[in-house]
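Please keep the structure open while reading the points below.

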Amino acid sequence: MGSFEPAISSVRTASKARRFRKHKNELPFTQRNLEEFLMNASVLIHDDFAFGATVVVPRRREVLHRGVKVDLGARAFDLLLLLVESRGIVVSKDEIVQRVWNNRVVEDNTVEVQISALRRALGEDRLAIRTISGRGYQFVGDVESTGPRSDKATAARTEPAPHAGIPLPTDICPIIGREAALTDIRTSVQRHRLVTLVGTGGVGKTKLAFEAARQLHGEFKDGVCVAELAATTAAEHIPTTLALSLGYPPGDGTPSLDRLAPALASRHVLLVLDNCEHLVDGAAAMVERLLQAAPRITVLATSREPLRVPGETVYRVPSLEVPPNDDCETAGEYGAVRLFQDRAGAYIHAAEDPSERLRLESRICRRLDGIPLALQLAAACVPIFGLQGTADRLENRFQILTRGARTVLPRQQTLQATLDWSYSLLSETQQTVFRRLSLFAGAFSFESAQAMASCENVDSERVFATLIELVDKSLVAVVSGAGAPRYRLLESARAYGRDKLRNAGELHAWSRRHAAFYVATFAVAERQAVAREDVDWRGLYEPHLDDLRAAILWSLSADGDMNVAVELVVASIPFFMHLALLTECLANVDRAVAWLVETGAQADERHMKLYAARGMCLLCHTVAPITSDAFDSTVETARNVGNLGFQLLGMWGRWMCHYLNGEFAPAVELAKRFNQDSAQSPNAFDRLAAHRLNGMSHLFSGDVASGVKELTLASDARVRLTQAQRMRFLYDERMLSNTSLALALWFEGKTDDARTAARQAVMDARELDHPVSICYALSEGVCTLALLCGDEAELKASVDALMVETQRHSISTWRARTRMWAGLLELRAGNPAAYDQIIAPAMTEIGSKRFYVSLTPFVSETVESLIRHGKLEQATALIDASLDRAMRTDDTCAIPELLRVKAEVLLAGASHDGLHAAEAVLHEAMARAEAHSFASWTQRCAQTLEKVRLCNSQNDAMPESVRAVAH
């Protein structure tokens, strides 16, 4: 181990020498000896050093005796540094007071008390400090350097460069995912003299600051110095820390910086001032003085809140970028995932399936908000729990994220400790508001914060002011976006705040307050929806989605309140419907209905609304009896409570079940009843819906002209409707009318008008930005007409658009319909396996819905494509099942086309009998199409009949011997 070799500025040495020569005869002996020593062998303690069994780490203001950290007060520590710096020289009591207490007035025995404390802490090394009676104290121990510069050059007692200061620590782990941030920080440091990196604990402020400083090192003539305030316990010690960091004795760090100012005037240095948050006021004052005294010094600070010094540029350090969802295929390109993979190392490859591994990595990174410290702690858990186990245990993150590096500060070794540190720096009011805000599951406005967190002792204005303070302290983040600012807590901060609420016995009361707040919020929206007022669901209410879910989850839990749960579920039905979150809505509704039934509650409007919601949610997934039952219950309950609007809604749903099941006779009868009841409604939109149901009933009966007339009335754009009125029945009613009109016009042979109506249906749905309505218009309108008209480009574009829309909701029917269309494209493109692998499973998934009228063109094209691929068995099975169902239900619209395709199957059999059978079937199809004026079906039948006759004529022209071989 090399000997401890201090460094001192030559400028300081020369200055002291001049003062010594001028005044040496006037100085007392002790002061003269001290001055002489500083001139010849001044000691600057900034590297680690040792004497006996004691090790001193000035950078962290730590003393270890036999490897155990010693609890040493700040004054005692400064006194130790002074004595070691002056070793061999007797330092008087006055000099100690001047250097350690900055000439403040102290008690007579203050120095003696600190010397005693210091000796107790040093144990057997206490003899290194001698008392020189009547004169002062002297350090006589042998000091050795244990710091990073204890190398051969030091051993040879080579003089270090002047103003060495405390350098940047050597980088061990590479910085990952911070390329953009580093560019921004470097640019800011080049343009401004004070840049503060602000962010929540564990976000990587220190690592970013150090890396940026390394990259900027060459731009500062006198290099980079580091002042770490983490171990500085009081603001009055900051000057000493600054002096040490810049390469000066600790005693030169006076509050006014008067001793440092002359030497700093010409120094071109980048000073990294790390961990300012616990001494932010003192740090701010000292930085301001430093910048005034040293015009060529630039400060790069890190803190959990801004210093608020004139000229400060604040850079809020963001979390690492995380994938947008757990299934993102490019997740490996995001900074958070890259860091997690790097820190987990080889253990991360234990998961065999790469896609599953990436999904779990994305899930972990998203749950931890991309916070680097949390990600590194989670990576340390992978060797123990595996990827799946680590992801599953994040609900208990404070128990498992505890394996931080042993060499970092204690508050950075666990996630709990990091948040404890931030929480401890808050005032009582700030802690109170923070705890209450932790109940917000998503982003919130300041008005919501005031409503949620205010109470008798903390009024709404105080809540708002505290919210801003918490933003400053990086415990609450500002969510960027248009409109008024919104705020959010990172998930780990939320979990921590809730733990504090639980420990304080406040969780239940404030969870109830949170749930009540969202009952009130969505009750307003529900009343607007019932009144058919237009509501900005996405702008006003979608930002509350996470909190609505959290409130429902709590109210449904064992600790919750089912009465509140029912209120929440009922109030949120229109919201979930508009956002097409029907699976989630159905689960909530079923829980609420089950509880009402279990408690024997008398049927009221709550039951009516819940039954209606249940029916509409089920309608998008199945048309089994449970869907019809829900609508029947709606009608019955609405009749009992005297609500005509919900009676019509229940009847509409029941009609849809008949229609989608291909049950046309009862659908016609129900349409007549709907028409009668809607006449009593004061709402024009109810009568427009009656026109659509009547129009479809005419089509079922084969009266195309009357059907077109009614559907034209239903889609009349001259009748002005609000968006809420158009969304009266689950789908956009105008979109439904235009889609149905498009099919009816095509039946009449008016192809161009039909396609115009289909495209208008899509525009109607997009105008409302309603994903389920958009899916309906694309699938049942545009895709169907593009297929019938042979427009390959529009068909493919529409299927692509369908795929995009189905990502916005969880409705199984439309996802299955999209797969059917995609499978048909593959089948037509030459992939015969697409039928068995894609189309058939999807058709099975939608059940009896595959028989309703608008699917007839899809079925016929699928059959003909199978024929082209020689898949006659599958083609026969599909057409026979479809035709059998159409005959049993008297599906007048579908039978002509299905008979035509049956003839195509028979024709493909290439037998003489098959040709005659095909011709007979085609004559029947033609007769049915002509009887009901289905012009387009008639034309298609005629084209296929011509093909049959051509085959017959070719067959008749063959010699008898050839014909016998051919057949």
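Predicted model: local features only at pLDDT ≥ 70, side-chain atom pairs only at ≥ 80, totals over all residues.

- Arg-734 has a relative accessible area of 11%, and because buried means under 20%, Arg-734 counts as buried.
- Leaving aside neighbours within four places in sequence, Arg-734 is in contact with Ser-715, Asp-716, Ala-717, Val-719, Leu-721, Arg-726 and Asp-764.
- Between Arg-734 and Ala-761 the C-alpha to C-alpha separation is 7.4 Å, although the two are 27 residues apart in sequence.

**Packing of H32 and H34**
- Helix H32, residues 704–714, packs with helix H34, residues 733–747, at an angle of about 150 degrees and with the axes 9 Å apart, which means that H32 is roughly antiparallel to H34.
- The crossing in which H32 passes H34 is left-handed.
- On the H32 side the contact is made by Val-704, Val-708, Leu-711, Thr-712 and Ala-714, and on the H34 side by Ser-737, Ser-740, Leu-741, Ala-744, Leu-745 and Phe-747.
- Of the residues in this contact of H32 with H34, eight are nonpolar, three are polar and none is charged.

**Nonpolar cores**
- The largest nonpolar core has 261 residues, and those with the most contacts inside it are Leu-437, Trp-652, Trp-655 and Tyr-731.
- With neighbours within four places in sequence left aside, Leu-437 is in contact with Phe-444, Ala-449, Ala-453, Leu-467, Leu-470 and Leu-489.
- Another core, of 31 residues, lies apart from the largest one, and among its residues are Ala-263, Leu-273, Val-299 and Val-309.

How values were computed
Residues numbered from 1 in each chain as written. Heavy atoms only, no water. Axes fitted to C-alpha atoms, helices over the stretch in contact; angles between N-to-C directions. Helix = DSSP H or I, 4+ residues; strand = E, 2+ residues; numbered from the N terminus. Parallel < 35°, antiparallel > 145°, perpendicular 65-115°, else oblique. Left-handed = near helix turned anticlockwise from the far one by under 90°. Contact = heavy atoms within 4.5 Å. Nonpolar A, V, L, I, M, F, W, Y, C, P; charged D, E, K, R; others polar. Core = buried A, V, L, I, M, F, W, Y, C linked by side-chain atoms within 4.5 Å. Buried < 20%, exposed > 50% of the residue type's maximum accessible area, 1.4 Å probe, protein only.
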